[in-house]
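Here is a short report on one protein chain. Keep the sequence and the 3D view open while reading.

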Amino acid sequence: MTKTLSKRLKGIANYVKKGSFIADIGSDHAHIPIYLLDQGLIKGAICSEVAQGPYERMCQAVLDNHYGDQVSCRLGNGLATLKKEDPVDTVIIAGMGGKLIHEILLAGEEILSQLDYPKLILQANIDEYLLRQWLLDQSYKIVGEDILEDAGKIYEIIAAEYVGKAPDLSDSQIYLGLYTQASNPAIFRKKWTRRQHKIESILQQMSGEALSERRQQFSQQLAMIKQALEGESDDQ
């Protein structure tokens, strides 16, 4: 029986090219690799978890689905579970905060180089701009983005490929995304309208303070959000 995925996980899986060999970092119950193998879309996978309990559950899920020969389960921290001889061409890091994914990418820059810069599929629950900035700094080009709502939460998915020299991005593109607005205008508006109201509330609470760096950052973010939302209204 083919495994079904949540809307979020299906959105991530959609960016995996047929015939890939993937590494799923923080794989949970190996949902994505098992689904892709059921569909005949990948050659194999490496799944990793950092804690013993989730690692054991992940391994059991792989065995229960009879993919023990095609999936290597590994226990360890982030990209440190990968080896330069692994045939990985796509790395998925999803379901974590943007700061944690950013730390994983920073710590794993050497192994990504040794793997000849695999495609990256990233899904952070917050602070996606940190990932776009890292991708730009590391000469990865963002080739696709989605924004979607699943079980009442809004998620962004970023797919990127190494190009040697990535095109420059504006501050607004780093913060809001390159393609998220076009991929789902209604969900984009919902997310950033919420964020606009939150920042406005924060700035109101800070109104008596001196112009701190933090206050200036919030003001800049608010201006980018308003410009994007107003531009969307003009297009309608």
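## Helix α6

In α6, the buried residues are Glu128, Leu130, Leu131, Arg132, Trp134, Leu135 and Leu136. That is 7 of the 10 residues of α6, so the helix is largely enclosed by the rest of the structure. Note that this is a predicted model. Serine 139 follows α6, and the phi of serine 139 is positive, near 65°.

## How α4 meets α6

Two packed helices are described by the angle between their axes and the distance between the axes. For helix α4 (residues 98-107) and helix α6 (residues 128-137), the axes come within 7 Å and cross at roughly 25°. Angles under 35 degrees count as roughly parallel, so α4 is roughly parallel to α6. The crossing of the two helices, α4 and α6, is right-handed.

Which residues of α4 and α6 make the contact? From α4 come Gly98, Lys99, Ile101, His102, Leu105 and Leu106. From α6 come Leu130, Leu131 and Trp134. Leu130, Leu131 and Trp134 are also on the list of buried α6 residues. Sorted by class, the contact of α4 with α6 holds 6 nonpolar, 2 polar and 1 charged residues.

Helix α2 (31-38) is mostly covered, with 6 of its 8 residues buried. These are Ile32, Pro33, Ile34, Tyr35, Leu36 and Leu37. What do the buried residues of α2 pack against? Their partners are the helices α1 (7-13) and α3 (52-64), together with the strands β1, β2 (42-49), β3 (71-75) and β4 (90-96). After α2 comes glycine 40, with a positive phi near 70°.

## Isoleucine 25 in β1

Strand β1 is one of the elements that the buried residues of α2 pack against. Isoleucine 25 sits in this strand, β1. Is isoleucine 25 buried or exposed? Its relative accessibility is 3%. The cut-off for buried is under 20%, so isoleucine 25 counts as buried.

Beyond its neighbours within four places in sequence, isoleucine 25 is in contact with Ser48, Gly78, Leu79, Thr81, Val91, Ile92, Ile93, Ala94 and Met96. Asparagine 77 lies 52 residues from isoleucine 25 in sequence. In space, the C-alpha atoms of isoleucine 25 and asparagine 77 are 8.7 Å apart.

## Lysine 119 in β5

Lysine 119 belongs to strand β5 (residues 119-124). It has a relative accessible area of 11%, so lysine 119 is buried.

What does lysine 119 touch, leaving aside neighbours within four places in sequence? The contacts are Tyr15, Lys17, Asp89, Thr90, Val91, Ala159, Ala160 and Glu161. Val91 is also in contact with isoleucine 25. Valine 88 is 31 residues away from lysine 119 along the chain, and their C-alpha atoms are separated by 9.2 Å.

## Two aspartates with positive phi

Most residues other than glycine have a negative phi. Aspartate 28 has a positive value, near 60°. Where is aspartate 28 found? It is in the loop between β1 (20-25) and α2 (31-38). At 40% relative accessibility, aspartate 28 is partly exposed.

Aspartate 116 also has a positive phi, about 65°, although it is not a glycine. Its place is the loop between α5 (109-114) and β5. Is aspartate 116 buried or exposed? Its relative accessible area is 62%. The cut-off for exposed is over 50%, so aspartate 116 is exposed.

## Two domains

The chain is divided into domain 1 (7-183) and domain 2 (186-231). Their centres, taken over C-alpha atoms, are separated by 29 Å. How many residues does the contact take from domain 1 and from domain 2? It takes 12 residues from domain 1 and 12 residues from domain 2.

## Glutamine 221 in α10

Glutamine 221 is part of helix α10 (residues 213-235). With a relative accessible area of 9%, glutamine 221 is buried. Not counting residues up to four places away in sequence, glutamine 221 touches Tyr175, Arg195 and Ile199.

Conventions: Residues are numbered from 1 along each chain as its sequence is written. This is a predicted model: local features need pLDDT of at least 70, side-chain atom pairs count only at pLDDT 80 or more; totals for chains, interfaces and linings use all residues. Side-chain values use heavy atoms; hydrogens and water are left out. Axes are lines fitted to C-alpha atoms, for helices over the stretch in contact, and angles run from 0 to 180 degrees between N-to-C directions. Helices (H or I, at least four residues) and strands (E, at least two) are DSSP runs, numbered from the N terminus. Angles under 35 degrees count as roughly parallel, over 145 as roughly antiparallel, 65 to 115 as roughly perpendicular and the rest as oblique. A crossing is left-handed if the near helix is turned anticlockwise from the far one by less than a right angle, and right-handed if clockwise. Contact means heavy atoms within 4.5 Å. Ala, Val, Leu, Ile, Met, Phe, Trp, Tyr, Cys and Pro count as nonpolar, Asp, Glu, Lys and Arg as charged, and the others, Gly among them, as polar. Buried means under 20% relative accessible area, exposed over 50%, partly exposed in between (1.4 Å probe, protein chains only). Domain bounds come from an automatic or database domain assignment.
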